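Let's take a walk through a structure, chain by chain. Have a look at the picture, then read on.

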Amino acid sequence: MKPIHLALAFLSLGQMAMADAPVLNVLTYDSFAAEWGPGPAIAKGFEAECACKINYITAGDGAAVLARLKMEGAGSEADVVLGLDTTLTESARATGLFAPLASIAPNDLPIPYSDANFEPFDWGWFAFVYDNTKLTNPPKSFKELAASTLKIVIEDPRSSTPGLGLVMWVKDAYGADSANIWKDLADNIVTVTPSWDEAYGLFLKGEADMVLSYTTSPAYHLIDKKDPTKSAAPFDEGHYMQVEVAGKLASSKQQPLADQFLAYLAADAAQAVIPTTNWMYPAKTPAEGLPKGFETLIKPLKSLLYSPAEAEGQRQAAVEEWQTALSK
Amino acid sequence: MADRSLQITAGLLALLIATLVLGTALALASQSGGASLRPADWSAIRFTITQALISTVFSCALAVPTARALMRRRFPGRQALILLMGAPFLLPVIVAVLGLLTIYGRSGLLNVALQSVGLPQISIYGLAGVVLAHVFFNLPLATRILLNGWQSIPAERFRLAETLNLPSPFRHIELPMLRATLPGAALAIFLVCLTSFVVALTLGGGPRATTLELAIYQALRFDFDAGRAALLAAIQFAICAAAVTLAARFTLPPALGAGLDRTLILHPPKHRTAFDVVVITTAALFLLLPLAAVLIEGLPALPHLPAAVWKAALRSLWMAVTSAALSVTAALILAQAVARSRSRLLELAAMLPLSASGLVLGTGLFLILRPHVRSEDIALPVTILVNALMSLPFLFRLLLPEAIVLHASYDRLAQAIGLQGRARLRYLTLPRLARPLGLGAGLAAALAMGDLGVIALFANNDQATLPLVVQRLSGAYRMEQAAAAALLLVTLSFVLFALFDLGGRRAAP
């Protein structure tokens with residue numbers, strides 16, 4: 001056999017092996033699929049029991065995932081879409097691309113959550129994070145924050161999901177009075193960044209006393225960096241939540257496999273990966289509990305969350321109100 | 001004959017560029033019905049133009065004395081300084097912003113120094129900060145374009161001025177050169193600033209600092225209102241076209257003619273030495289301090305980078321070189337064609353990509369190509385093509401003034417001795433244009449290294465480029481590793497840039 005024939009034979013063998021194992025395409029955001037995100041471990045665990053292959057297709061963040069899905073429409077090669085949050089799910093549902101879930105897994109979210117199309121896989125409370133060696137008496141509410149001379153950096157609700165979460169937080173907590181809260185906060189805001197990473201980077205550089213992030217952010221510094229200096233400030237108004245969800249597409253030719261993946265995602269093995277890779281709470285606390293260090297985090301007494309339909313209804317007006325209040 | 005085929009090739013290239021830039025916007029427009037402007041859009045348009053104009057004026061006004069001082073003075077390390085001062089232009093935006101904040105931020109060096117002597121603190125956030133960052137990015141570009149202009153003045157002209165005892169050699173020799181090169185440089189800078197949005201928003205201090213590009217981003221990301229994005233992109237094109245026309249009106253054709261390629265030795269007036277020293281030192285500090293900050297912050301985590309970073313670095317390198325090769329070829333053809341025909345249309349086509357929003361281009365291509373191919377199959381070629389397109393205007397700007405001189409000075413001679421085709425390219429065009437070609441290829445490669453626009457839309461998980469990995473790291477709390485990967489990115493971009501630039505300068509006659 002000539003070397004070229006040998007090579008061809010190997011090539012076709014390889015293709016046969018690939019053709020045998022079905023591929024499940026999961027459309028998700030970058031940091032989920034990254035080497036240091038939850039994606040690789042979850043794929044490895046699932047592939048061990050499904051005799052299939054997981055292929056992650058990535059977009060920048062939750063909003064980019066939805067934008068990509070809308071661009072692709074029914075022609076999308078994705079089977080599962082993972083990483084939208086509840087401010088986006090209504091708009092995602094309206095595309096008509098999502099199929100109902102085969103089974104609804106139980107979850108431990110602090111407020112009741114159930115959706116026929118979308119299964120929660122993790123969640124977190126938004127919070128202002130600060131350096132506890134520099135700030136000893138953090139504000140306990142938006143009003144205290146607004147009355148203080150503290151400087152904060154926030155994300156833009158027009159380009160980032162945490163930014164949008166903050167706007168929803170203020171709206172949910174203050175209703176008709178939210179515009180005044182924003183006016184009072186205006187002089188505390190150092191700047192507004194396009195996305196979470198710029199805001200958090202600016203905070204770590206010392207550009208602001210506090211940054212809009214999650215109550216779980218200090219866990220990253222504590223567990224990964226052995227650094228106990230970061231804390232989240234509990235607010236009396238309660239904390240708005242971000243719930244991240246996954247769903248399957250009606251156009252998928254791998255319906256049973258997609259159902260199997262969503263079931264795996266909701267079960268212990270995958271849920272145990274979430275806390276120290278995505279730095280969020282798992283939707284269902286695994287049997288072995290949360291990793292050591294999570295017990296040090298603040299536990300807000302009151303959780304705020306609009307239903308997907310309410311969030312979609314509020315979004316444009318709330319963002320415009322934010323923009324007007326901060327543009328003066 | 002050769003003339004006609006050049007014009008035809010250039011025409012086809014221009015058509016291809018226009019199709020890519022305008023066709024992608026049309027693909028978006030066809031996605032939905034009508035769209036109209038909101039009140040907030042008008043203030044975004046105003047802010048976009050204002051900040052771009054101010055940034056351009058400052059960049060150019062500072063570039064003239066800086067380039068002139070660098071031209072006149074000879075000191076140890078001058079070449080290295082000129083090379084290094086090009087680096088800010090190559091920085092990924094967010095890296096540059098963080099570097100600037102180390103110096104000018106709320107807890108930056110400047111404010112610490114001010115505080116220690118009891119002076120009030122300054123705040124970088126606001127229009128001033130946006131302009132500061134844009135000058136930081138673009139002063140190097142303007143300085144290099146002008147320095148090239150000065151170096152292209154034949155030494156004989158200065159000798160003649162001296163012999164004739166001209167009262168103001170500046171007015172008769174250097175001013176015409178500035179009139180030939182400065183409007184082009186200003187145009188390039190204005191267009192760069194026009195499509196800025198991370199800098200504008202982050203340093204602008206809030207939604208007042210909303211640019212058109214941010215509005216496009218919002219339209220595509222959150223609202224997926226493609227029609228609105230197309231409308232906003234059309235406004236960006238209109239501003240670009242107006243700027244190209246305006247710049248062309250102010251540009252004088254170079255009128256100095258050819259010389260004997262002797263190194264120019266200006267006799268620097270003794271009494272201006274102090275001025276030049278101050279100018280060079282200030283410019284060097286302004287540009288190099290934030291770079292030093294990037295270096296210092298990136299070093300600690302450099303040995304602990306994840307494997308994905310190194311793979312992405314290799315991928316970025318070959319993509320950058322390929323993209324630069326494409327861009328140089330296209331720019332050379334277009335610049336020569338414009339030098340001959342002075343066609344305003346060709347010139348507009350060459351500058352058009354600068355007005356294009358990377359996001360519109362990427363999304364449009366995605367919409368056009370997606371039904372036919374899998375996005376990951378074309379992620380790399382599409383990224384290479386778009387990067388080549390995006391750096392074309394800079395290359396074109398660098399080449400055009402010298403292509404005009406080349407045409408004016410040597411075309412008749414070349415025709416008289418029958419020098420044409422490949423021989424003309426090899427013995428006349430390439431050597432005479434080696435300096436801007438090298439600089440341009442370096443810029444194109446480095447810009448392609450740092451680009452984040454299109455790849456993010458197409459690439460699957462294991463096709464990431466280095467800038468994308470930097471973003472993924474900082475999106476997962478790994479700011480130290482992101483800083484280190486950014487340092488790697490800057491270093492590689494700079495090495496590519498330096499190799500091409502030095503190569504060009506070596507090859508120049």
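Which domains does the domain assignment of chain A give? There are two: domain 1 (3-123 + 243-290) and domain 2 (124-241 + 296-327), with bounds that come from an automatic or database domain assignment.

Before going further, some ground rules. This is a predicted model, where local features need pLDDT of at least 70, side-chain atom pairs count only at pLDDT 80 or more, and totals for chains, interfaces and linings use all residues. Residues are numbered from 1 along each chain as its sequence is written, while chains are lettered from A and ligands numbered from 1 in the order in which they are written.

**Domains in both chains**

Chain B is divided as well, into domain 1 (1-30 + 300-509) and domain 2 (53-221 + 247-298).

| Chain | Distance between C-alpha centres | Contact residues from domain 1 | Contact residues from domain 2 |
|---|---|---|---|
| Chain A | 28 Å | 17 residues | 20 residues |
| Chain B | 22 Å | 41 residues | 37 residues |

In chain A, α4 (62-72) and α5 (89-94) each give at least two residues to the side of domain 1 that touches domain 2. Helices here are DSSP runs (H or I, at least four residues), numbered from the N terminus. The largest share of that side, 3 residues, is from α5(A). Sorted by class, the side of domain 1 of chain A that touches domain 2 of chain A has 8 nonpolar, 6 polar and 3 charged residues. Ala, Val, Leu, Ile, Met, Phe, Trp, Tyr, Cys and Pro count as nonpolar, Asp, Glu, Lys and Arg as charged, and the others, Gly among them, as polar.

For chain B, the side of domain 1 that touches domain 2 splits into 29 nonpolar, 6 polar and 6 charged residues.

**Buried or exposed?**

Back to α4(A): 9 of its 11 residues are buried (20 or more other C-beta atoms within 10 Å of their own), so α4(A) is largely enclosed by the rest of the structure. Among the buried ones are L66(A), R68(A) and E72(A).

Now try L12(B), which sits in helix α1 (residues 2-29) of chain B. L12(B) is exposed (12 or fewer such atoms), because 11 other C-beta atoms lie within 10 Å. L12(B) and L346(B) are 334 residues apart in sequence, yet 10.0 Å apart in space, C-alpha to C-alpha.

**A pair of helices**

In chain B, the axes of α15 and helix α16 (residues 375-416) come within 11 Å and cross at roughly 140°. The contact involves residues including L361(B) and F366(B) of α15(B), plus I378(B) and V382(B) of α16(B). By class, this contact has 8 nonpolar, 3 polar and no charged residues.

**Where the chains meet**

How many residues does each chain bring to the contact between them? Chain B gives 42 residues and chain A gives 41 residues. The helices of chain B that each supply at least two residues to its side include α4 (93-104), α10 (212-221) and α15 (358-369). The largest share, 5 residues, comes from α10(B).

Note on methods: Contact = placed C-beta atoms within 7 Å. Axes fitted to C-alpha atoms, helices over the stretch in contact; angles between N-to-C directions.
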